[in-house]
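Trainee: I would like to learn how to read a structure feature by feature. Where do we start?

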Amino acid sequence: MHIVIAMDKFAGTLTAPEAVRAVTAGWLRSSPEDEVTGVPMSDGGPGFLDSMSDAFGGRVQFTEQLATVTGPLGTEVTGRYLIESGHGSTDGKHPTAYIEVAEACGLHLVPADQRDAKAATTYGVGELIAAALADGAKRLVIGLGGTSTTDGGAGLLAALGAEPAEVLRAGGGALKSLHGLDLTEPRRRLADIETVIASDVDNPLLGLRGAAAVFGPQKGATDDDVQRLDAALTHFAELAGAIGQEPGAIRRTLDAPGAGAGGGLGYGLMLLGGRRVPGIGTVIAETGLADLIAGADLVITGEGRFDHSSLGGKVPTGVAEAALASGRPCIVLAGLVEVGKRELAAAGFAAAYEVAEQAGSAQEAMARAEFHLAALAERVARSWSRG
């Protein structure tokens, strides 16, 4: 049998590559004659770079670049990006750069007691983009998620030459003081650059489902901060040139799925011509997962907690849809499974298995996640493998 293992991370315990390795090891202990292809997956959030670099399996050659950039609260951090190198690029002339915004403005970069959604900036993300452009990138695939920011991408725009830079780079709270906005330079720099925004978040920029209201509290915003940030983002959008001048255009952009992703980073990138696609869809397309699945007998996917939110566009659902398109069965191995059999079947999954049940408790499953995930895969292989 040929098995494709396409796992997401198990948050707090295993990265996606580690999860793939654990399932592979367990499966082969039971069925050593099976052919296994591992493809780490991501929805665009933290872990995007690691997933992308592993997922290509050597079919594309990358150079990992390091850049010292501005962190979310102004201190320097070291960020990474991947760029296709040499003959590994798509056509040898127009390399793609893969950027994970959390490398420059991730929530993990700010201690919990220092989180400030009003002050955190995306300036460092713009610096990563500038570095990739200087390296010759002609296409950007940007994984959006896990940010500490709510600045509408204003800091990113400033790093690429938008004015007034000092206000734009000062965080979302400062945007209310803007008296003008010039996007000429960043639009020029990205005019001939294809920019793909990979995110599983489909929130608009403003309002009850917007960047400030939904994601601000986890970034340190109080109820009052949320109101102020939403007003500041509204003012920023007005100055971006669409409100009042082209009502239809601004409404389409503000309400566009993903405009509110990354604290509004999605909106800032859309102002520069970025095209948002679901994060899992991007990874599937970039890695050629659909073609791998077409040649498989069974597909395995999973994540830490497989619940109802997993059915709304996260990694397991995207993988299951790709498997369904090729008529291949897809099963889930997850830390916890909170989806009923009827919903599971309706979403295209053949079965789901729980690491916590295998381990005896959720606590034990998390304490030795790799061991128990491998043991679960070994047990499941006895039921599914023909080897």
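Mentor: We go from the overall fold to one helix, then to the cores and a pocket. Keep in mind that this is a predicted model.

Trainee: How many helices and strands are there in the protein chain?

Mentor: The protein chain has 18 helices and 13 strands. Its radius of gyration is 21 Å, close to the 21 Å that the globule rule gives for 387 residues, so the chain is as compact as a globular protein of that length. The C-alpha trace spans about 70 × 50 × 40 Å along its principal axes.

Trainee: What share of the contacts with a separation of 6 or more comes from residues 24 or more positions apart?

Mentor: Such pairs account for 72% of those contacts. As for burial, 55% of the 387 residues are buried.

Trainee: Is Thr282 buried or exposed?

Mentor: Thr282, which lies in α12, has 4% relative accessibility and therefore counts as buried. Leaving out residues up to four places away in sequence, Thr282 touches Val141, Val196, Ala198 and Val277.

Trainee: Which residues touch the most other members of the largest nonpolar core?

Mentor: The general idea is that in soluble globular proteins nonpolar side chains tend to be buried together. Here the largest core has 57 residues, and Ile129, Leu140, Leu156, Leu168, Phe236 and Tyr267 touch the most other members. Helix α4, residues 123-134, gives the largest share of this core, 7 residues. A second, separate core of 31 residues includes Val283, Ile284, Phe306 and Ala334. Back in the largest core, take Leu156: beyond four places in sequence, its contacts include Tyr123, Ile129, Leu265 and Leu272.

Trainee: What is the volume of the largest pocket, and which residues lie nearest its centre?

Mentor: Its volume is about 910 Å³. The lining has 39 residues, with Lys9, Ala11, Asp43, Glu303 and Lys314 nearest the centre.

Trainee: How does the lining divide by class?

Mentor: It has 16 nonpolar, 14 polar and 9 charged residues. Helices α11 (261-270), α16 (355-359), α17 (362-367) and α18 (369-384) each supply at least two residues of this lining.

Terms used
Residues numbered from 1 in each chain as written. Predicted model: local features only at pLDDT ≥ 70, side-chain atom pairs only at ≥ 80, totals over all residues. Heavy atoms only, no water. Core = buried A, V, L, I, M, F, W, Y, C linked by side-chain atoms within 4.5 Å. Buried < 20%, exposed > 50% of the residue type's maximum accessible area, 1.4 Å probe, protein only. Helix = DSSP H or I, 4+ residues; strand = E, 2+ residues; numbered from the N terminus. Contact = heavy atoms within 4.5 Å. 1 Å grid on protein atoms, 1.4 Å probe; cavity = no way out; pocket = protein on both sides within 12 Å on 5 of 7 lines; lining within 4 Å. Points joined across faces, edges and corners; volume = space filled by probe spheres on them. Nonpolar A, V, L, I, M, F, W, Y, C, P; charged D, E, K, R; others polar. Rg over C-alpha atoms; globule rule 2.2 N^0.38 Å.
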